[in-house]
Amino acid sequence: MLGTAPKRPYIPIIVWAGANVKAYLAWGRDAVARMVLQCPVCGTRLIGNGWRQRVARTRSKTFEAEPAWIPVHQLVCPNCRDAGRHPWNFRVLPSFLFPFKHFLQAIRLMVFDRAWGAGAAPAPVGAGAAAAGCARAVEEALGVDRCLVRIWLVRAQAVMAAALPALGAALEDCKGISPTVPATASLWLRWWALGLALRVALAARDEALSQTPGSVLEWMAVWSARRRSWWAP
């Protein structure tokens, strides 16, 4: 039975448990239940603490009466709890989700591709008819509310701009091949090219990362999770 304990801060642990919600419900949840996971803080074996409902949306609330919910495993670290380290709660998330985000990674990727796939630079909120028209087109195609689309695009632009130097440095550290990108390329395309190059370079060093399925966006989420000790192979 799903737990009904009050919300408390938790650390996400990302695992491969199916490519989508259907696969997760078919076999991924059972695979998660059998996993033996360690605390990324102290290394103690985590113990089960029931299951909790986690939203996994494919469309905006204005387009569906009931968003998709899936059960995710809750765990606790007895050592961190006894030592008073917080948070000592953990939640196991399948990799098609992203910590603290309601929409599936695949939907987020489609939004960015629809908005920026032609290579046009993203328009910020308040840019006028062009930005509004882009968000409206995405809303009609994917069922994601246009206001939410515009927020995603603006926030993603800031995140990508801040990430480019770090991605370039990581690519240089692992002696990867820098991609050839036109000077006029959009921020999205430059981020995408660096992500692809880094994925290829790290795959030669880390077999587990080379086997990580999904898009560059999903792979980057996994890579980020590994850097934060959120990933459990």
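Two strands pair if DSSP finds at least two bridges between them. The legends below describe a predicted model.

**View 1**
The protein chain has 233 residues, and buried residues make up 45% of them. Read from the N terminus, the order of the elements is β-α-β-β-α-β-α-α-α-α-α-α. Of the contacts between residues at least 6 apart in sequence, 65% join residues at least 24 apart.

**View 2. Strand S3 and the strands that pair with it.**
Strand S3 covers residues 69–76 and strand S2 covers residues 47–55. S3 is joined to strand S4 (residues 89–94) by three bridges, and these two strands run antiparallel. Arg52 is placed opposite Val72 of S3. S3 is largely enclosed by the rest of the structure, because seven of its eight residues are buried.

**View 3. Ser60 in the loop between S2 and S3.**
Ser60 has a relative accessibility of 4%; buried means under 20%, so Ser60 counts as buried. Leaving aside residues up to four places away in sequence, Ser60 touches Phe103, Gly143, Val144, Asp145 and Leu148. With Asp145 there is also an approach to the backbone: the side chain of Ser60 reaches the backbone nitrogen of Asp145 at 2.5 Å.

**View 4. The cis peptide bond between His86 and Pro87.**
The omega angle of this bond is about -10°. Pro87 belongs to the loop that connects helix H2 (78–83) with S4.

**View 5. Phe100 and Lys175, two residues with positive phi.**
Phe100 is not a glycine, yet its phi is positive, at about 70°. This residue, Phe100, sits in the loop between S4 and H3. Lys175, likewise a residue other than glycine, has a positive phi near 60°. Its place is in the loop between H5 and H6. Is Lys175 buried or exposed? The relative accessibility of Lys175 is 71%, and exposed means over 50%, so Lys175 counts as exposed.

**View 6. The largest pocket and its lining.**
The space in the largest pocket comes to about 860 Å³. Its lining is made of 28 residues, and the closest of these to the centre of the pocket are Phe98, Lys101, Arg108, Val159 and Leu217. By kind, the lining holds 19 nonpolar, three polar and six charged residues.

**View 7. The helices that line the largest pocket.**
Which helices each supply at least two residues of the lining? They are helix H3 (105–116), helix H5 (146–173), helix H6 (187–203) and helix H8 (216–227). H5 gives the most to the lining of the largest pocket, namely ten residues.

Definitions and conventions: Residues numbered from 1 in each chain as written. Predicted model: local features only at pLDDT ≥ 70, side-chain atom pairs only at ≥ 80, totals over all residues. Heavy atoms only, no water. Helix = DSSP H or I, 4+ residues; strand = E, 2+ residues; numbered from the N terminus. Buried < 20%, exposed > 50% of the residue type's maximum accessible area, 1.4 Å probe, protein only. Polar contact = N/O pair within 3.5 Å; in protein donor to acceptor, adjacent residues only side chain to side chain. Contact = heavy atoms within 4.5 Å. 1 Å grid on protein atoms, 1.4 Å probe; cavity = no way out; pocket = protein on both sides within 12 Å on 5 of 7 lines; lining within 4 Å. Points joined across faces, edges and corners; volume = space filled by probe spheres on them. Nonpolar A, V, L, I, M, F, W, Y, C, P; charged D, E, K, R; others polar.
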